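Work through the exercises below with the sequence and the model at hand. Each task is followed by a solution in steps.

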Amino acid sequence: MRPDLEIVAEMVPRGSRVLDLGCGDGTLLAHLMAQRDCVGHGVEIDGDAVLACIAAGVPVTEGAIENVLPDFGDGAFDVVLLSWTLQTTRRPAAVVAGMMRVAPVGIVSFPNFAHWRLRVALALRGRMPHTRTLPQSWHETSNIHMCTLADFDALAGSLELRVRERVLLGETRGRASGAARARPNLLAAAAVYRLERTAGRLPA
């Protein structure tokens with residue numbers, strides 16, 4: 001399992017009802033169900049990944065997150081995951097608000113497009129950069145709404161969500177070095193956020 005998924009898994013309390021948005025082949029959910037006694041359900045748009053979930057015994061709904069999320073009731077889950085998927089959604093703010101409607105806790109991970117390597121590559125070469133975190137060419141990537149850590153902090157604030165924990169990631173998606181804490185928006189390649197509603201309120 002990828003290092004960032006291991007970090008996400010550590011944030012999920014044992015026995016939780018978990019919804020994984022953009023669950024891929026179900027690796028994370030299968031781990032949570034087997035190792036942390038969670039009850040899991042995934043949402044995935046890719047047909048091959050859906051078949052992989054089914055083969056692994058992971059309950060899954062096929063479809064786009066924006067279309068499927070409204071079908072889940074308020075508070076239907078304890079935790080909702082959005083791992084490395086936020087930047088691929090068409091309406092990121094609505095997705096974050098929706099996930100916090102169906103669970104009091106949301107865990108979101110995404111690449112930081114303000115990382116220094118991206119800034120330098122764009123400034124010097126004048127082309128969309130390639131990094132270990134973002135290896136695909138601009139015309140092949142599924143990323144359509146790039147954001148920075150500062151952007152996401154602002155989004156969480158606008159939705160009246162509390163950041164309970166933030167783990168900064170390096171270029172291999174493991175924990176970043178201590179230096180990243182001094183300038184996270186510049187030095188962290190990505191991050192995992194653990195969000196909670198403010199005073200139990202549902203985001204608008």
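**Exercise 1.** In this predicted model, find which elements the buried residues of helix H7 pack against.

Solution. Start with the extent of the helix: H7 spans residues 149-158. Next, pick out its buried positions, which are Leu149, Phe152, Leu155 and Ala156. These four lie on the same side of H7, because they cover an arc of only 120° around the axis. Finally, list the partners. The buried residues pack against two helices, H5 (92-102) and H8 (184-187), and against strands S5 (105-111), S6 (161-169) and S7 (190-197).

**Exercise 2.** Describe what is found at the start of H7 and just after H7.

Solution. At the start, take Thr148: one of its side-chain oxygens comes to within 3.3 Å of the backbone nitrogen of Ala150. Then go past the other end, where Glu160 has a positive phi of about 60°.

**Exercise 3.** Which residues does Phe152 touch, leaving out those up to four places away in sequence, and how many residues has the largest nonpolar core?

Solution. With those neighbours left out, Phe152 touches Leu86, Val96, Val108, Phe110, Tyr193 and Leu195. The largest nonpolar core has 33 residues, and Phe152 is among those with the most contacts inside it, together with Leu19, Leu21 and Leu195. H7 supplies at least two residues of this core, while H5 gives the largest share, six residues.

Technical notes: Residues numbered from 1 in each chain as written. Predicted model: local features only at pLDDT ≥ 70, side-chain atom pairs only at ≥ 80, totals over all residues. Heavy atoms only, no water. Buried < 20%, exposed > 50% of the residue type's maximum accessible area, 1.4 Å probe, protein only. Arc of directions from axis to C-beta. Contact = heavy atoms within 4.5 Å. Polar contact = N/O pair within 3.5 Å; in protein donor to acceptor, adjacent residues only side chain to side chain. Core = buried A, V, L, I, M, F, W, Y, C linked by side-chain atoms within 4.5 Å.
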